[in-house]
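Visitor: I'd like to go through this one with you, salt bridges to begin with. Can you put it up?

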2 protein chains.
Amino acid sequence: MHVADRLSKSIETNQSIACVGLDPRPHLIPPQLQSHSIDKHGNGIEAICDAFLSFNQGILDAVAGHCAAIKPQVACYEAYGWRGMQVLEASIAYAKKLSIPVIVDGKRNDIGSTATHYQQAWLGDIPIFNDEQHEGVGADWLTVNGYLGSDGINPFLDDENEHGIFVLVKTSNPSSGELQSQESGETSVMEAMAKLVNQWGSERLGNCGLSDVGAVVGATYPEEAKTLRQHMPHAIFLVPGYGAQGGSAAEALAGIRTDGQGVLVNASRSINGAWQTQNDAANWTDAAHQAILSMNDDLNNHR
Amino acid sequence: MHVADRLSKSIETNQSIACVGLDPRPHLIPPQLQSHSIDKHGNGIEAICDAFLSFNQGILDAVAGHCAAIKPQVACYEAYGWRGMQVLEASIAYAKKLSIPVIVDGKRNDIGSTATHYQQAWLGDIPIFNDEQHEGVGADWLTVNGYLGSDGINPFLDDENEHGIFVLVKTSNPSSGELQSQESGETSVMEAMAKLVNQWGSERLGNCGLSDVGAVVGATYPEEAKTLRQHMPHAIFLVPGYGAQGGSAAEALAGIRTDGQGVLVNASRSINGAWQTQNDAANWTDAAHQAILSMNDDLNNHR
């Protein structure tokens with residue numbers, strides 16, 4: 001099935017346009033999980049990785065059936081070397097068992113055969129000796145950086161549209177304008193990127209009318225989101241910056257299509273760290289569960 | 001010591017401005033290494049990873065003392081999941097034992113605390129529980145994509161200038177102009193990026209007069225390299241696209257400073273696959289050794 005149709009189905013089934021960031025960091029791990037892992041492994045990378053996996057499984061159980069997708073941030077795992085990548089792979093496998101679509105947030109970018117290796121890593125099959133193939137991680141989407149142009153995008157697009165990408169267009173951070181808002185010809189760099197995204201994806205639509213080439217458009221720039229929607233009518237907007245980063249539901253939904261489709265709103269800290277906000281480490285999974293329900297209410301009220 | 005001074009010292013000691021790409025791929029592995037690893041592990045990811053590590057150690061032994069740096073392309077390892085990352089970490093450790101500066105080619109990019117995790121992974125120390133730190137991989141440089149602006153760059157810059165970054169400015173691929181050559185105000189996107197690179201790095205110089213913020217500038221665009229040098233007088237240019245990708249020594253050195261400093265030229269396939277060009281699998285390390293010597297001659301003749 002077209003990856004955009006799978007995502008649309010998940011949105012409909014779960015009545016949620018929320019994407020849950022799966023971004024474990026040491027200070028987000030409840031103390032009892034920390035102690036348990038340190039008791040088992042001593043205080044080192046093994047303990048962190050053991051605790052991260054338990055944490056992720058708890059978060060995934062808490063949000064399954066109530067979110068459209070999950071989005072692990074690769075940096076949180078890559079920091080811990082190969083053991084961290086083991087945790088990421090195991091977490092993705094766990095999410096797949098729960099039938100949650102997975103967006104790997106790697107912002108990967110390279111050209112030709114090197115870009116193909118990133119595609120193989122996250123979305124495809126991996127070549128081994130004697131021209132055989134090995135099954136890869138099998139995520140649904142990967143975030144990519146389009147600075148290198150088509151040579152860096154085409155290797156990620158598969159003929160069956162079974163996997164998709166989100167291309168960085170307008171990021172949520174304060175300094176995003178340093179390059180992205182530079183005037184470029186009659187428009188801006190982000191608009192030039194948006195036009196490329198449309199060019200790459202406008203003929204790769206699922207039955208839902210959305211493409212397997214989406215765009216990252218931060219919740220913190222709602223006016224830009226409206227302009228960018230005009231350049232990318234068929235792109236799903238993956239919207240970071242909601243909640244902890246300051247964007248409201250109305251701002252996060254600024255780029256939504258008139259048919260109410262085409263936006264996926266990410267939240268990480270407000271779900272992963274909900275137990276801290278509620279000061280209730282003992283019930284950290286309940287806190288995450290309540291947080292995703294609140295997020296859905298907030299978003300669905302503004303949709 | 002300032003990371004640019006360490007690199008300058010390596011260039012001087014080894015009389016080489018060559019950077020050797022450490023990019024193992026199944027078809028580049030000599031058949032006897034393939035058979036040996038398949039015999040040990042069966043034909044799967046374990047065999048690939050076993051062969052990759054043997055291959056890398058052979059290449060590193062062959063080029064040690066004759067290159068300025070090595071540059072592993074992360075995608076080649078990431079394709080093979082956590083086992084691939086184990087090989088990358090072991091290869092970097094092996095290069096460090098041989099005192100070869102290491103440039104991790106990851107083209108990483110993100111913002112704030114997430115960018116910090118990439119910095120920790122490759123250049124810094126990693127936070128574990130109880131506010132303790134664990135030693136990281138310890139590479140010297142990391143390639144990064146600057147599309148997100150200062151928020152995505154500052155986390156990589158350390159107060160002691162002991163680690164550096166190369167920011168993508170003009171990449172070597174044919175479609176690089178789709179965004180990078182767009183007119184941006186009175187210049188182009190790549191020039192806007194070059195000005196940012198200069199802003200980030202121009203006050204972070206080593207005794208050699210070069211910065212810990214360098215730039216990736218492809219050998220395939222020599223005219224652009226000359227223009228970009230004017231915008232970035234203190235940046236080391238990491239130059240891909242020499243050799244197999246089509247750039248000549250003269251083209252690769254187009255952005256060199258008038259003092260003969262500031263360029264590092266990368267070659268991957270022509271070194272890693274030298275045994276194929278010479279059709280001599282039995283002597284694959286000798287072939288790599290001869291290839292680096294030829295590359296040095298070619299570059300030093302044009303310097």
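Guide: A definition before anything else: a salt bridge here is a side-chain nitrogen of Lys or Arg within 4 Å of a carboxyl oxygen of Asp or Glu. Keep in mind that this is a predicted model.

Visitor: Fine. Which side chain does A:D105 meet in a salt bridge?

Guide: A:D105 pairs with A:K107, and the N to O distance is 2.9 Å.

Visitor: Are those two buried or exposed?

Guide: A:D105 is buried, and A:K107 is buried as well.

Visitor: How many salt bridges are there over all chains?

Guide: The count is 22 salt bridges over all chains.

Visitor: What does A:E78 form a salt bridge with?

Guide: Its partner is B:R108, with the closest N and O atoms 3.0 Å apart. That pair crosses between chains: A:E78 sits in helix α4 (residues 74-78) of chain A, while B:R108 belongs to strand β3 (residues 103-108) of chain B. Both A:E78 and B:R108 are buried.

Visitor: And B:R257, what does it meet?

Guide: The side chain of B:R257 meets that of B:D259 in a salt bridge, at 2.8 Å from N to O.

Visitor: Why is B:R257 called buried?

Guide: B:R257 has a relative accessible area of 15%, and buried means under 20%. B:D259 has 42% and is therefore partly exposed.

Visitor: Change of topic. How many helices and strands does chain A have?

Guide: Chain A has 13 helices and 12 strands. Its radius of gyration is 19 Å, close to the 19 Å that the globule rule gives for 303 residues, so chain A is as compact as a globular protein of that length.

Visitor: What box do the C-alpha atoms of chain A fill?

Guide: Roughly 60 × 55 × 40 Å, taken along the principal axes.

Visitor: What share of chain A's residues count as buried?

Guide: 64% of the 303 residues in chain A count as buried. The accessible surface of chain A is about 10,500 Å², and carbon and sulfur atoms hold 45% of that.

Visitor: What about contacts between residues 24 or more positions apart?

Guide: In chain A, such residues account for 72% of the contacts with a separation of 6 or more.

Visitor: How many positive and negative side chains in chain A?

Guide: Chain A carries 18 positive and 35 negative side chains. The centres of the two sets lie 3 Å apart.

Visitor: Now single residues. Where is A:Q119 found?

Guide: A:Q119 lies in helix α6 (residues 112-122) of chain A. With a relative accessible area of 14%, A:Q119 is buried.

Visitor: And what does A:Q119 touch?

Guide: Leaving aside residues up to four places away in sequence, A:Q119 touches A:G124, A:P155 and A:F156.

Visitor: Last one, B:L179. Where is its place?

Guide: B:L179 is in helix α7 (residues 177-180) of chain B. B:L179 is buried, at a relative accessible area of 0%.

Visitor: Which residues does B:L179 touch?

Guide: Not counting residues up to four places away in sequence, B:L179 touches A:Y147, A:V189, A:A192, A:M193, A:L196, B:Y147 and B:V189. As for B:V189, its C-alpha atom is separated from that of B:L179 by 6.9 Å, and the two residues are 10 residues apart along the chain.

Terms used: Residues are numbered from 1 along each chain as its sequence is written. Chains are lettered from A and ligands numbered from 1 in the order in which they are written. This is a predicted model: local features need pLDDT of at least 70, side-chain atom pairs count only at pLDDT 80 or more; totals for chains, interfaces and linings use all residues. Side-chain values use heavy atoms; hydrogens and water are left out. Helices (H or I, at least four residues) and strands (E, at least two) are DSSP runs, numbered from the N terminus. Buried means under 20% relative accessible area, exposed over 50%, partly exposed in between (1.4 Å probe, protein chains only). The radius of gyration is taken over C-alpha atoms; the globule rule is 2.2 Å times the number of residues to the power 0.38. Contact means heavy atoms within 4.5 Å. Accessible areas come from the Shrake-Rupley method with a 1.4 Å probe; for residues, only the protein chains shown count as cover. Lys and Arg count as positive and Asp and Glu as negative; His and the chain ends are not counted. The place of a charge is taken as NZ of Lys, CZ of Arg, CG of Asp or CD of Glu.
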